[in-house]
Amino acid sequence: MATTRIMPLHIGKGRTESQAVSDIIDYVSNPQKTDNGRLVTGFACDSRIADAEFLLAKREYISTTGRVRGADDVLAYHVRQSFVPGEITPEEANRLGVEFAKRFTKGSHAFAVCTHIDKSHIHNHIIWNAVNLNCDRKFRNFWGSTRAVRRLNDTICVENGYSIVEDPKPQRQEPDGYPGALLAYVIGTFL
């Protein structure tokens, strides 16, 4: 049973773009968590210098398109993919992470998959560059992306004989009566 979570990576307060990207790459590729780097796989990038390659692609994107964003710019995306303890080997988890990233980005974004084995459950950290390989477009987090990530992950798990969460709990609890009560109020107000 694999669970997932998608998180956009922003610059953040008090950091440069370079620090933001290198901090996350350093964390996910930590040799103590990835069997001395054996469980790190890069696609269209060298995972050892992915942070520099991601930033180079962003500079080329700006040069090509002229589009510049502020501090709210998304530099990369991070998906955490966790598996049930004892259900999967680290190598298989890494392979499924690579398959997930290739399918989700349609092979058009550089990424690194880092499989952590330091906890009781094996889990992947998948980081992909927001800028595509042609440096002319960016991945945009879309409405429903969390659901799309979960569905693709479930599909890959089922295809490979692993369990999935049958009835996932919503990420956020909605207040009592929302959205139905709000919709009724809005409709009643305008009728």
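Helices (H or I, at least four residues) and strands (E, at least two) are DSSP runs, numbered from the N terminus.

**View 1. Overall arrangement of the predicted model.** The protein contains five helices and five strands, which follow one another from the N terminus in the order β-α-β-α-β-α-β-β-α-α. Of its 191 residues, 41% count as buried, where buried means under 20% relative accessible area, exposed over 50%, and partly exposed in between (1.4 Å probe, protein chains only). The model is predicted, so that local features need pLDDT of at least 70 and side-chain atom pairs count only at pLDDT 80 or more, whereas totals for chains, interfaces and linings use all residues. Residues are numbered from 1 along each chain as its sequence is written, and side-chain values use heavy atoms, with hydrogens and water left out.

**View 2. Helix α2 along its length.** Helix α2 comprises 16 residues (residues 50–65) and should span 22 Å at 1.5 Å a residue, which agrees with its end C-alpha atoms being 22 Å apart; the expected span is 1.5 Å times one less than the number of residues. After α2 comes Gly-66, with a positive phi near 75°.

View 3. Ala-50, Asp-51, Phe-54, Leu-55, Ala-57, Lys-58 and Tyr-61 are the buried residues in α2. They cover an arc of only 155° around the axis, which puts them on the same side of α2, the arc being that of the directions from the helix axis to the C-beta atoms. The exposed residues Leu-56 and Ser-63 lie on the face turned away from this buried side.

**View 4. Packing partners of α2.** The buried residues of α2 pack against α1 (17–28), β3 (74–82), β4 (111–116) and β5 (123–129), with contact meaning heavy atoms within 4.5 Å.
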